[in-house]
Structures are given as C-alpha cells and as structure tokens.
Amino acid sequence: MTHAQRTRAAADAATTGTSTPQDSALTVTADGLPGWLEPVAQAARTVRAHQLSRFLPPESGAGRQSAVLILFGEGERGPELLLMERSGSLRSHAGQPSFPGGSLDPEDGDHNTTGPLRAALREAEEETGLDPSGVQLFGVLPRLYIPVSGFVVTPVLGWWRTPSPVGAVDPAETARVFTVPVADLTDPANRATAVHPSGHEGPAFLVESALVWGFTAGVIDRIVHYAGWERPWDRTRQVPLDWRA
C-alpha cells in the first residue's frame, strides 16, 4: 500500500467513524463540494506521484516529513487559492510564495496516516490565522520531494467552506497572505517558464504581484492540468530567477 493509499484509508476510517479518538476530528470527504471543484477531487483519487513531479521521496525513507494545505475557496472573482509569501529571513525557501505548511510535529501523529492532515491544518492556522473548523479536507495527493531542503511533502486538499479572516501571524515566518483567483492562474498571460541559475526550468505564475515558482508552481501546474482547467500558454516565455533564489 502506498503512502497516499494509507493516508486515504485513514481518512476513510475517520469518515466512517472507525477511526481512533485521536483522529476523530479529522474527516476527509468530497461530499458537498461545489461543482467546479469536483475535477480536482477526481484527479486526487487517481493521480500518481510521478505524474506530479520528477522529484520523488528517497526510497531510503530519508527526508523531513511535512505537509502543505492546498486550500480552494470562493472569492469576489470566483474560485481562488490561498497562498502566502515566506519571510525573507527564513533558512529554507526564503521570500518564496508557497502553500501554508511545514514539518510534522510529534503530536501530529503517524506520517503514514493522518499526521499530514493534522499538520497541514495546524501549520495553516499558525502561519495565516486560518480557522481550521471552516475547512473541509477532500483529498490527499501522493507524497513528493523537495531536494534543495530535503522535505518530503504531503499535499492536502481543502475546500474553504466557511471563510475566516487570514493574515500574517508572525512576520518572522510569513511576509504576507493572499488569495489568487483560479482564473488568473489559468490565464495564459500570467504563465511562464522560470529559469534557475542552475539551469533548472519549471512552471511559473505571475499573479498578485508575486512570482510563484518552484514546488508550489509545479503542484499548481499539475492540478490545473489534471483538473482540465489548463489553457494553451507560451512555454517559450522565460522568467530568469535571481541568483539568490
């Protein structure tokens, strides 16, 4: 059984009432999602890790277990995605736009079951002030890897059923919190290929006065693709990254 299958099995147990008391507050269900979000839920049930990234967790089991919350909501301009900009003083991925998230703590529980679910919500609350009670978790993507920092990341999908105020809780960790309309993420005018000084290339989005690239942009790119939202865009358009990136 793969990590995603184990996590989904634990989530199913929570949904059916067969979970342990520790997991009783965690429920993963696609019931009641808005119609526009159904393609994302369907993709989450079928997509494989190698379809999302070429960087997969080491077979040795090495790496720092972590989770991110990919939170979709409904804004003034329609469907939107919650992002944050990391503080420029952080040791890892400083100044980069990202999903809320971080390393699993011991109290989050087993990283092979519901630990990533709990960590994704906890980190989102700590970083953005999000009220987890307003979030419906509806899917879990396969575990991925960020070689530069050694993070093994479980992306957890959420529907912001009851929006709550958000903002940078600790400026030492979070520079700002913002939402991006899905329409902007799928607009070909906002898409480009980011070129790192190392020569690595990857998808990028120029939205909300931010350049979204790296792991976050890669996951967004694949969600947009497998949800059927992708529109043809100029892949030859390049955006060079600063040498400090």
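What follows is a run of questions about labels and the cut-offs behind them.

Reply: Before you start, this is a predicted model, where local features need pLDDT of at least 70 and side-chain atom pairs count only at pLDDT 80 or more, while totals for chains, interfaces and linings use all residues. Residues are numbered from 1 along each chain as its sequence is written, and side-chain values use heavy atoms, with hydrogens and water left out.

Me: What is the average pLDDT of the protein, and where does pLDDT stay under 50?

Reply: pLDDT is the predictor's confidence in each residue, from 0 to 100. The protein averages 88, and 86% of the residues score at least 70. Where pLDDT is low, the predicted coordinates should not be read in detail.

Me: Why is Gln 96 called buried?

Reply: Buried means under 20% relative accessible area, exposed means over 50%, and partly exposed is in between (1.4 Å probe, protein chains only). Gln 96 has 15%, so the label is buried. As for where Gln 96 is, look in the loop between strand E2 (78–86) and strand E3 (97–98); helices (H or I, at least four residues) and strands (E, at least two) are DSSP runs, numbered from the N terminus. Leaving out residues up to four places away in sequence, Gln 96 touches Met 84, Glu 85, Arg 86 and Trp 213.

Me: What makes Glu 85 and Arg 176 a salt bridge?

Reply: The rule asks for a side-chain nitrogen of Lys or Arg within 4 Å of a carboxyl oxygen of Asp or Glu. Here the closest N and O atoms are 3.1 Å apart, and the pair passes. Glu 85 lies in strand E2 and Arg 176 in strand E8 (residues 174–181), so the bridge ties together parts 91 residues apart in sequence. Glu 85 has a relative accessible area of 21%, so that residue is partly exposed, and Arg 176, with 26%, is partly exposed too.

Me: What sits over the ring of Phe 178?

Reply: The charged end of Arg 176, 4.2 Å from the ring centre. The test wants NZ of Lys or CZ of Arg within 6 Å of the ring centre and within 35 degrees of the ring normal.

Me: How many salt bridges does the rule give, and which residues are linked in a network?

Reply: The count is 10. The network takes in Asp 105, Asp 108, Arg 122, Glu 123 and Glu 126. Another bridge joins Arg 191 and Asp 221, at 2.5 Å from N to O. That pair connects strand E9 (residues 191–195), where Arg 191 is, with helix H6 (residues 214–226), where Asp 221 is, 30 residues apart. Both of these residues are buried. Arg 235 and Glu 230 also form a salt bridge, with closest N and O atoms 3.0 Å apart.

Me: How do you know which strands E1 pairs with?

Reply: Two strands pair if DSSP finds at least two bridges between them. Nine bridges join E1 to strand E7 (residues 151–160), running parallel, and Phe 72 has Trp 159 as its bridge partner in E7. With strand E4 (residues 101–103), E1 has three bridges in the antiparallel sense, and Val 68 stands opposite Gly 101. With E2 there are four antiparallel bridges, and the two strands form a hairpin with two residues between them. Strand E1 (residues 64–75) is mostly covered, as nine of its 12 residues are buried.

Me: Why is the Trp 36 and Trp 159 pair called edge-to-face?

Reply: Rings of Phe, Tyr and Trp (its six-membered ring) pair if their centres lie within 6.5 Å; planes under 30 degrees apart count as stacked, over 60 as edge-to-face and the rest as tilted. The whole structure has four aromatic pairs. For Trp 36 and Trp 159, the centres are 5.9 Å apart and the planes are at 80°, so the pair is edge-to-face. Trp 36 lies in the loop between helix H1 (3–16) and helix H2 (38–46) and Trp 159 in strand E7, so the pair ties together parts 123 residues apart in sequence. Trp 159 has 9% relative accessibility, so it counts as buried.

Me: What makes the Trp 36 and Trp 229 pair tilted?

Reply: The angle of 45° between the planes, with 6.3 Å centre to centre. Trp 229 is in the loop between H6 and strand E12 (238–240), 193 residues from Trp 36. Ring pairs link Trp 36, Phe 72, Trp 159 and Trp 229 into a cluster.

Definitions and conventions
Contact = heavy atoms within 4.5 Å.
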